[in-house]
Amino acid sequence: MEATHSEGIIHRDIKPENLVFDRDGYLRLTDYGIAREWTAENFMENSGTPGYMAPEVMIKQNHGIAADYFAVGVIAYECMMGKRPYLGRSRKEIRDAILKKQACVKEKDIPPGYTEDAADFVNKCL
């Protein structure tokens, strides 16, 4: 992701299906089909997968690479908590859940085997 961002590219569709391990065990980002070069006026570009799209993308505001980090936070939350932070049966329900409140991992809810640092990483991404 760092290499992508250093080239001024926003991936815009980071989700588990677009992450693969190579033969050496390194995690790779795939499917750049809706990736775009970052521009300051990109509010109309709101492609992505509901549930992994950052709030600013969902409501058609200008956005930057932080939108990709939001998706990483959703994936990390899902790994830690065993479910996605924003649920819904439709794109609208998921959008409403994202806009209703910011998900976070509270200290008392950290699962065994995870640290406060891991929860802090998730919370900062979200």
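**Packing of helix 3 against helix 5**

In helix 3, Tyr 69, Phe 70, Val 72, Gly 73, Ala 76, Tyr 77 and Met 80 meet Ala 118, Ala 119, Phe 121, Val 122 and Cys 125 of helix 5, where contact means heavy atoms within 4.5 Å. The residues of this contact comprise 11 nonpolar, one polar and no charged. This is a predicted model, in which local features need pLDDT of at least 70, side-chain atom pairs count only at pLDDT 80 or more, and totals for chains, interfaces and linings use all residues. Residues are numbered from 1 along each chain as its sequence is written, and side-chain values use heavy atoms, with hydrogens and water left out.

**Geometry of the pair**
- Helix 3 (residues 66–81) and helix 5 (residues 116–125) pack at an angle of about 140°, and their axes are 7 Å apart.
- Helix 3 is therefore oblique to helix 5 (angles under 35 degrees count as roughly parallel, over 145 as roughly antiparallel, 65 to 115 as roughly perpendicular and the rest as oblique).
- The crossing of the two helices is left-handed.

**Helix 3**
- Helix 3 has 16 residues and spans 22 Å from its first C-alpha to its last, close to the 22 Å expected at 1.5 Å a residue.
- Its buried residues (under 20% relative accessible area) include Ala 67, Asp 68, Val 74 and Ile 75.
- The buried residues of helix 3 pack against helix 1 (2–6), strand 1 (9–10), strand 2 (19–21), helix 2 (55–58) and helix 5.
- Gly 82, whose phi is positive, near 80°, follows helix 3.

**Ala 118**
- Ala 118 lies in helix 5 and is partly exposed, with a relative accessible area of 24% (partly exposed lies between under 20% for buried and over 50% for exposed).
- The C-alpha atoms of Ala 118 and Tyr 77 are separated by 9.4 Å, the two residues being 41 residues apart along the chain.

Conventions
Axes are lines fitted to C-alpha atoms, for helices over the stretch in contact, and angles run from 0 to 180 degrees between N-to-C directions. Helices (H or I, at least four residues) and strands (E, at least two) are DSSP runs, numbered from the N terminus. A crossing is left-handed if the near helix is turned anticlockwise from the far one by less than a right angle, and right-handed if clockwise. Ala, Val, Leu, Ile, Met, Phe, Trp, Tyr, Cys and Pro count as nonpolar, Asp, Glu, Lys and Arg as charged, and the others, Gly among them, as polar. The expected span of a helix is 1.5 Å times one less than its number of residues. Buried means under 20% relative accessible area, exposed over 50%, partly exposed in between (1.4 Å probe, protein chains only).
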